[in-house]
Amino acid sequence: MLGLGVAAGALPPTAWVSAAGGSRITAIDALPVRYPMRGRFKFFEGPDGSPAGRPAVLVRITDDNGGVGWGESVPIPKWSDETLETVTTTIRHYLAPELIGRDPADIAGAHAVMNRSIAPAFSTGQPIAKAGVDIALHDLAARRRGVNVTALWDRTPGAALTLSWTLNPKSLDETDALIDAGRALGYRHFNVKVAPDPEFDLALCRKVKARVPDGFLWADANCGYDVDTALSVAPKLADAGVAVLEAPLRPNRIAGYQALAKQAALPILMDEGIVSADELVEFIRLGMLNGVAMKPARCGGLLMARRQIEIVRDAGLMWLASGLTDPDVSLAATLALFSSMGQDRPCALNGPQFLAHSVVEQPLAPKDGMLAPPAGPGLGVTVNAERIRQMAA
């Protein structure tokens, strides 16, 4: 792991860069949309608790041969510091002008250009915006070769992924109906939103475990505990049947993460704080985590997400598959990566659970709590422009 850390910021080679003949990017379009929701998810509520919709920005990259690749950026203002507006303007006014004229297959080079255009602060600058461009480049490069995106990594689409059903009830009285809804669709595993109230969290986890004793129970605090509360509640969550505790603290609480890892009541996963490979390697060195809840949308896209999975695996740590309530295109990219990397634990990919609209011709629909990656060229999905217009933001 220490050897990998020396070159953590280096991007992996792309031997396939010129394999399809060196076309050039002629246009990059950022198309803001807002997906309607079904059910309640706390990150997509307005000030009065009403559904606010799921913001996203579709990214379309066109080359001089008429090829088109699609990507998707998925900001959540209540989760990160990127918004629908910042993603749109960043792509239109800063990233696109720098990338026009480049070979779309040179994805590592595109990241170098984007990271000069929007420089890092603590970590990668505006990674969610960059992720949409990265995904579109992967889609276009693979379509140029007539292969699935996984072939760019010398891999193939893996097996269907087992999904986890997300629970974020406002009250315990809502829990049984939410569990029943998931089980009716074939889900056997559950991830729960916890923090800041440890008493509520423990009651919720006990209730879920009693209903689904054999399921994988994953608690995600979204950085909502303070250090003392996290240290107190972690052993109790373990006793309640929780398997892992994700993001208990803000990522800058380094000593707190070290104390939780040393306590070893539960495997401690980081999420929001892992954007580039640099901090991942540094946090591993500091003994802050037992693993990572991976999200390509969070770390700038598929290129760096794949690198981070390799770092975590080489360090002998755990990685779980997660997302940002990814719609359609972003979800297809995530499925391709996670399945091709052999993920066999339940995956918290809840876009199909909460989103009520699709922009692709054949929406990605779970069956019996499982979801297979599309196997066609590129990301394996076909975007319908009229459906984008219906949701234009």
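Is Ala 195 buried or exposed? Ala 195 counts as buried, because its relative accessibility is 17% and buried means under 20% relative accessible area, with exposed over 50% and partly exposed in between (1.4 Å probe, protein chains only). The tour comes back to this residue below.

**Before selecting anything**

This is a predicted model, in which local features need pLDDT of at least 70, side-chain atom pairs count only at pLDDT 80 or more, and totals for chains, interfaces and linings use all residues. Residues are numbered from 1 along each chain as its sequence is written, and side-chain values use heavy atoms, with hydrogens and water left out.

Colour the chain by pLDDT, the predictor's confidence in each residue, from 0 to 100. The mean over the protein chain is 93, and 94% of its residues reach 70 or more. Then select residues 1-20, where pLDDT stays under 50. The model has 38 contacts (heavy atoms within 4.5 Å) for this stretch beyond four places in sequence.

**Stop 1: Tyr 35**

Select Tyr 35 in strand 1 (residues 25-35). Helices (H or I, at least four residues) and strands (E, at least two) are DSSP runs, numbered from the N terminus. Tyr 35 has a relative accessible area of 0% and is therefore buried. Leaving aside residues up to four places away in sequence, Tyr 35 touches several residues, including Gly 53, Glu 72, Pro 327, His 357 and Met 391. Ala 56 is another of the residues touched; Tyr 35 and Ala 56 are 21 residues apart in sequence and 7.6 Å apart in space, C-alpha to C-alpha.

**Stop 2**

Go to Ala 195, in the loop between strand 6 and helix 6. Its phi is near 80°, a positive value in a residue other than glycine. A cis peptide bond joins Ala 195 to Pro 196, with omega about 15°. Pro 196 is placed in the loop between strand 6 and helix 6 (198-211).

Next select Cys 223, in the loop between strand 7 and helix 7 (227-239). Cys 223 is not a glycine, yet has a positive phi of about 65°. With a relative accessible area of 9%, Cys 223 is buried.

**Stop 3: enclosed and open space**

On a 1 Å grid over the protein atoms alone, a cavity is a set of points where a 1.4 Å probe fits but cannot get out, and a pocket is an open set with protein on both sides within 12 Å along at least five of seven lines; lining residues have an atom within 4 Å of a point. Grid points are joined across faces, edges and corners, and a volume is the space filled by probe spheres set on the points.

The count comes to two cavities of 30 Å³ or more. About 160 Å³ of space lies in the largest cavity. To find it, select Lys 193, Asp 220, Lys 295, Ser 322 and Gly 323, the closest to its centre of the 19 residues that line it. Strand 6 (190-193) and strand 7 (217-220) are the elements that give two or more residues to this lining.

The largest pocket has a volume of about 640 Å³. Select Asp 81, Ser 123, Arg 250, Glu 272 and Val 275, which lie nearest its centre among 23 lining residues. Helix 4 (127-145) and helix 9 (277-285) each supply at least two residues of that lining.

**Stop 4: helix 10**

Finish at residues 302-314, helix 10. Ten of its 13 residues are buried, among them Leu 302, Arg 306, Arg 307 and Val 312. Just after helix 10, Gly 316 takes a positive phi of about 75°.

Key
The expected span of a helix is 1.5 Å times one less than its number of residues.
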